[in-house]
Every structure is written in structure tokens, then in C-alpha cells.
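Hi everyone, thanks for coming.

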Amino acid sequence: MLGSLGIVVIGRNEGPRLKTCIRSLPSDVPVVYVDSGSSDGSPAWAAEYGCAVVSLSTDKPFSAARARNEGLERLTTDHRDIDFVQFIDGDCELDAGWLAVGLARLADDEGLAAVAGLRRERFVEKSWYNELCAYEWDTPVGEAAAIGGDAIYRIKAFDAVGGFDPLMMAGEEPELCLRLRRAGHRIERLDADMTLHDAAIYHFGAWWKRAVRSGYAYTLGAMKHGRSGYNVREVARALLWGVTLPAFVVVMFSVGQPWLAAMVVALYPIKWFRVCRGVAAHIRKPGRYALFLMITNVAEVRGVVRACLETMGNRRQIVEYKN
């Protein structure tokens with residue numbers, strides 16, 4: 001079935017990670033590399049390696065959604081017999097056995113619009129932030145509400161719902177999966193290794209920006225589908241724990257109600273303890289994990305505010321976190 005498959009790789013200044021990615025792809029499958037304004041020579045190297053290259057124009061904002069859409073457009077223009085597309089981010093290495101597994105599952109069930117496998121983190125031991133990403137990738141197998149950026153899509157189903165929304169600067173994958181499920185399709189995560197990911201997050205500042213991006217993504221999704229409840233809970237949670245309760249504490253102290261303030265402050269260690277207890281069985285450092293989960297809410301508030309301001313100003317931009 002590889003003859004009915006094409007691959008779209010997206011990247012921006014991935015450097016050696018991109019080379020690892022492209023070298024992991026089968027040589028007998030057409031590959032399109034889509035570049036979002038790299039300054040590290042990625043487009044030239046991808047072309048030398050035999051990929052068709054699309055360099056995104058600067059007249060519209062860069063986004064992973066836009067990159068994947070334009071990559072697929074180039075792929076289907078050059079290869080009209082393609083029925084499936086494997087999207088892969090340029091910081092990932094494809095597992096040698098994944099394509100056969102994923103394509104077999106799609107062939108076996110016409111109701112599936114997309115399948116993904118297991119994403120592993122390459123350098124978990126090198127930083128706590130990489131380890132946090134590894135926990136994020138640890139999602140259940142089986143029918144799924146959403147999958148991430150690495151997946152095989154049935155092009156007919158993908159096109160029928162309009163592909164990725166290019167104005168979703170983050171969170172574009174679950175938003176597309178929502179529309180696919182509403183159209184009657186199903187999505188699955190298979191119990192098979194798919195990609196090896198290199199988060200390359202070694203500083204708190206980079207992790208913080210990634211957490212800001214989460215709040216940004218939740219807010220964009222809520223703006224588009226909030227009437228149905230999509231992402232509303234996530235945005236409300238960030239606003240409650242990240243700004244509303246802290247603001248209440250400040251107000252209570254300022255009006256001479258320290259006991260009320262103390263009662264609210266006490267909610268945070270209670271939440272920390274509950275998170276620790278809930279993840280202790282599968283998280284190496286549950287206390288540290290719980291702390292960062294709570295810090296995430298604060299970062300997400302910044303993402304919420306940024307999404308609102310940029311939407312009002314009609315100037316949404318990608319939230320970059322890698323050096």
C-alpha cells in the first residue's frame with residue numbers, strides 16, 4: 001500500500017533534527033518538505049536529498065496547519081494517485097515499521113479518517129522538560145477524540161472537512177479531529193511505535209513559552225467551537241487557577257480579610273496533593289510534576305490573553321519556543 005501514500009514533512013530551523021527525520025523516510029515514497037521561513041539552510045538540504053520543497057510565502061502568517069495544507073496540495077498535484085498522507089514534524093524520526101501498520105489499519109476499516117501510533121521522546125533523560133513531553137505523549141490506545149501532528153490521514157476525508165484551519169496557530173490537530181468526528185469519521189491511536197520526537201527543551205523559558213502556547217491553542221479552539229463546549233473547560237481552568245483565585249487573594253488582603261485569603265491560598269496545596277496522588281503510580285517525580293502542572297495554568301493565562309488580543313487585532317502569529 002505504500003504506492004498510495006505520500007509524506008509531508010514540516011519544519012522551521014530544525015537543523016540536524018530535520019536531516020534525521022528525512023533520512024528515516026522510505027526512499028520509494030514521495031516526500032514534500034514544507035519550510036516556514038528557516039534560516040538554517042533546511043530547504044536547500046531537503047531539495048538535495050530528493051524532497052519536493054515548498055517554501056511558504058510571507059504574505060500570510062506561518063502555521064503548522066498552513067504548512068501541512070500547502071504540502072498536501074503540492075503532493076496531490078504531483079502525484080494524483082495518492083490516497084493517504086503521513087504528516088510528520090521535522091523534529092521527529094519515523095519508525096521503520098509504522099507505515100505498514102498504519103496503512104493496514106486504514107485499509108481494514110473505511111470508517112477511519114486517520115490513525116496515529118505512539119510518539120516517544122528521544123532524550124527523556126537530558127532534561128526535566130523533555131520528560132514532561134514524554135508524559136504528554138503517553139496517551140491511551142484505541143478510538144481517540146484527537147491525535148497530534150504525526151499521523152496518517154485518508155485524503156478524501158481530510159479534504160471533505162476542509163483540512164487544517166490555517167488560522168489555528170496552535171491546537172490545529174484536535175480541532176481538525178473534532179470536525180472529522182462531527183462528519184461521522186473515526187480516529188484511532190494504535191499500539192505501535194510511530195515516531196521518535198526530539199523536544200530539545202533544556203531551559204525553563206522554552207518550557208514556559210510552550211505552556212503559553214497551550215493556553216493560546218485552547219483559546220483559539222474555544223473561540224471557534226466554544227458554543228458546543230469545546231476547550232471551554234480548559235480555558236476556564238486556566239483563568240480560575242492562574243489569575244482569578246490569585247486576584248481574589250490580593251483583594252481580600254487589601255480589604256482586611258486575611259482569613260478568606262488564607263482559605264483560598266490553601267486550595268493550592270490541596271490541589272497539589274490531589275495531583276500527586278493521582279499520578280504517583282506512573283510519574284517518576286509526582287511532586288515536581290504536580291508543581292509544573294500548576295505553573296502551567298499561569299502560563300496558559302498569558303496564552304489566553306495573547307489569543308484574544310491577536311484575534312481582535314487580526315494578527316495571529318505562531319508561538320515559538322525552540323531556540
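Let me start with a definition: a charge sits over a ring if NZ of Lys or CZ of Arg is within 6 Å of the ring centre and within 35 degrees of the ring normal. Keep in mind that what you're looking at is a predicted model.

So, who does this here? Arg68 has its charged end over the ring of Phe164, 5.2 Å from the ring centre. Another case is Lys126, whose charged end sits over the ring of Phe123, 4.2 Å from the centre.

Now, stay with Phe164 for a moment. In general, you describe a pair of aromatic rings by the distance of the centres and the angle of the planes. The count for this model comes to 16 aromatic pairs. Take Phe87 and Phe164: their ring centres are 5.7 Å apart and the planes are at 70 degrees, so this pair is edge-to-face, because over 60 degrees is the cut-off for that. And where do these two sit in the chain? Phe87 is in strand β4, residues 84-89, while Phe164 is in the loop between α6 and α7, so to speak a link between distant parts of the chain, 77 residues apart. Both Phe87 and Phe164 are buried.

Here's a second pair, Trp241 and Tyr268. Their centres are 5.2 Å apart with planes at 85 degrees, so that one is edge-to-face as well. Trp241 belongs to helix α9 (residues 232-254) and Tyr268 to helix α11 (residues 267-279), 27 residues apart. Trp241 has 18% relative accessibility, so it counts as buried, the limit being under 20%.

There's also an aromatic cluster, made up of Trp128, Tyr129, Phe204, Trp207, Trp208 and Phe292.

Back to α11, the helix that holds Tyr268. The axes of α11 and helix α12 (residues 286-312) come within 8 Å and cross at roughly 125 degrees. That angle makes α11 oblique to α12. The crossing of α11 past α12 is right-handed.

Last topic: cysteines. A disulfide needs the two sulfurs within 2.5 Å. Cys51 is buried, at a relative accessible area of 9%. What about Cys177? Its sulfur is 16 Å from the closest cysteine sulfur, in Cys92, so that's too far for a bond. Cys177 is buried too, with 0% relative accessibility.

That's it from me, thanks!

Conventions. Residues numbered from 1 in each chain as written. Predicted model: local features only at pLDDT ≥ 70, side-chain atom pairs only at ≥ 80, totals over all residues. Heavy atoms only, no water. Buried < 20%, exposed > 50% of the residue type's maximum accessible area, 1.4 Å probe, protein only. Phe/Tyr/Trp six-rings, centres within 6.5 Å; stacked < 30°, edge-to-face > 60°. Helix = DSSP H or I, 4+ residues; strand = E, 2+ residues; numbered from the N terminus. Axes fitted to C-alpha atoms, helices over the stretch in contact; angles between N-to-C directions. Parallel < 35°, antiparallel > 145°, perpendicular 65-115°, else oblique. Left-handed = near helix turned anticlockwise from the far one by under 90°.
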